[in-house]
Amino acid sequence: MKFDVVVVGAGTAGCLAAKTAAEAGLKVCLVERKPQKEIGEKVCGDALGEHHLKSLGLEPPQHGELERRIEGVKIYSPDMETVFTVRHEDFSGYLLNRRLFGQWLLRAALDNGAVLFDSTQCLEPIIEKGFVAGVSAKNMKTGEKVRFEGKTVVDASGFLAVVRRKLPREMGVEMEISNEDVEACYREIRQLRQEVEGKNYCEIYLNQNVTPGGYTWIFYKSNAKVNAGLGVCMRDNFPNPKEQFYKHILTQPIFDGSLLLNSGAWYDPTRRPLDNMVGNGVIITGDAACLVNPIHGGGIGPSMISGYLAGKTIVEALEKGDVSQEALWQYNVKYMESYGTKQASLDVFRLLLLKCSNEDLSYGMKYKLLTEEDVLKAGLGEDFHLNITEAAKRVFRGLKRIHFLNKLRVTVNLMNKVKAHYRNYPKTPKDFERWRLKTEALFKEAKSKLMG
């Protein structure tokens, strides 16, 4: 079967890529291992910033896809004495009915002419003359092998990255992701005995004993339902997230008498984006390209952005009849401009949080060594500096935690350095290797200064 675009995975990134390419009149297929009715079901925090819909020109869906309006985020210190409330349009949005939202995105792709092959598992990319020329797959109902030939392929297969992991090395796309850049997560949807009033914020709890290198979340949905879970960084001897959840979270009074509706575990790649996400005839999107926010683990918005940009880039490349790495390179440039630069700087912030003790975090939040404003600016990807008078005040308050204050200062400087570097992302592949080596050096420096 021959197509202009073969999209592997009908998640948020895949559906947006398929919709965008099909809208422009290209012949597009979606290859998805789930049956059609299960598309959209995913173990996930279910939160989406409204600004993502706006930036993609999508009208919010009206048929139950958006379960609850969210005003912002509340972050709790490990000792529970301090709460940061982060309010901003970038942090407000919706809690989704994940399955309905996924079905809505799928419908948008199919209505524009994309063809779905569900219950079909992608096995590997087809490589011809150094180009990805399609994928081989298996029909999971009949067991028969199928070939999908395409002028371009989009890997939107999520964390498993079934295409990316089997690309030839010379394409220059990272194959493997280090475990310490991944969080193991466990989540449950529970029915509470009664609706909890005034819960219009996503709640995030920091505690290195419960969730080393991660956090616990409690997100209140409609009709007394709650999405609660936690993630732990897969470094060293990390604890089992499900055991931590049952031991530390479900024992809270709010869950007394609650009913389990749905549960599951998954992996979240919480790091900067892949340095390069394109090869000859192929674009990597969403979780497969590590496009998850390194701090809060949210991946729905960036996945949608990447799918849209992938579709746009392919349309332009096929108009010129060139799908080489060079022709698809614009995707890298545009993604780094729109979201990747912010993600990379937040990856530095994540390294600070990975090694912070509970005492440092609680003290730092209580005495405003780290402020709500800092968290907001970091979250928005804005440059921020600890100005001199403010820094002097912080030093005075932080004498007991001077090492933490120093680490904070180093972190802010490194974040700004990383952002400046990413703003100079190479416009063509020929300058890429030099840029990549500098990226490697910057993150090596960040790890030695913040985690040493």
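Strand 11 and strand 18, the latter covering residues 282–284, pair in the parallel sense over three bridges, and within this pairing Val153 stands opposite Val282 of strand 18. The model is predicted, so local features need pLDDT of at least 70 and side-chain atom pairs count only at pLDDT 80 or more, while totals for chains, interfaces and linings use all residues. Residues are numbered from 1 along each chain as its sequence is written, and side-chain values use heavy atoms, with hydrogens and water left out.

- Helices (H or I, at least four residues) and strands (E, at least two) are DSSP runs numbered from the N terminus, and two strands pair if DSSP finds at least two bridges between them.
- Strands of a sheet pair through backbone hydrogen bonds, either parallel or antiparallel.
- Strand 1 (residues 2–8) pairs with strand 11 (residues 145–155) in the parallel sense over six bridges, and Val7 stands opposite Val154 of strand 11.
- Strand 10 (residues 131–139) pairs with strand 11 in the antiparallel sense over five bridges, and here Ser136 stands opposite Arg147.
- Strand 10 and strand 11 also form a hairpin with five residues between them, and Gly143 in the turn has a positive phi of about 80°.

- An open sheet of three strands has the order 3-7-4 and antiparallel pairing.
- Its edge strands are strand 3 (47–49) and strand 4 (66–70), each of which pairs on one side only.
- The twist of this sheet averages 30° from one strand to the next.
- Strand 3 and strand 7 (residues 93–96) run antiparallel and are joined by three bridges, with Gly93 in strand 7 as the bridge partner of Gly49.

**Helix 7 against helix 11**

- Two packed helices are described by the angle between their axes and the distance between the axes.
- The axes of helix 7 and helix 11 (residues 402–422) come within 9 Å and cross at roughly 155°, where axes are lines fitted to C-alpha atoms, for helices over the stretch in contact, and angles run from 0 to 180 degrees between N-to-C directions.
- The two helices, helix 7 and helix 11, are therefore roughly antiparallel to each other, since angles under 35 degrees count as roughly parallel, over 145 as roughly antiparallel, 65 to 115 as roughly perpendicular and the rest as oblique.
- The contact (heavy atoms within 4.5 Å) involves residues including Met336, Gly340 and Phe349 of helix 7 and Lys407, Leu414 and Tyr422 of helix 11.

**Two buried residues**

- Where in the model is Asn332 placed? Asn332 is in helix 7, which covers residues 330–355.
- Why does Asn332 count as buried? Asn332 counts as buried because its relative accessible area is 0%, and the term means under 20% relative accessible area, with exposed over 50% and partly exposed in between (1.4 Å probe, protein chains only).
- Leaving aside neighbours within four places in sequence, Asn332 is in contact with Asn276, Met277, Val278 and Tyr425.
- Val375 is found in helix 9 (residues 372–380) and is buried, with a relative accessible area of 15%.
- Not counting residues up to four places away in sequence, Val375 touches Ile75, Phe84, Val86 and Leu370.
- Val375 and Phe349 are 26 residues apart in sequence and, from C-alpha to C-alpha, 9.7 Å apart in space.
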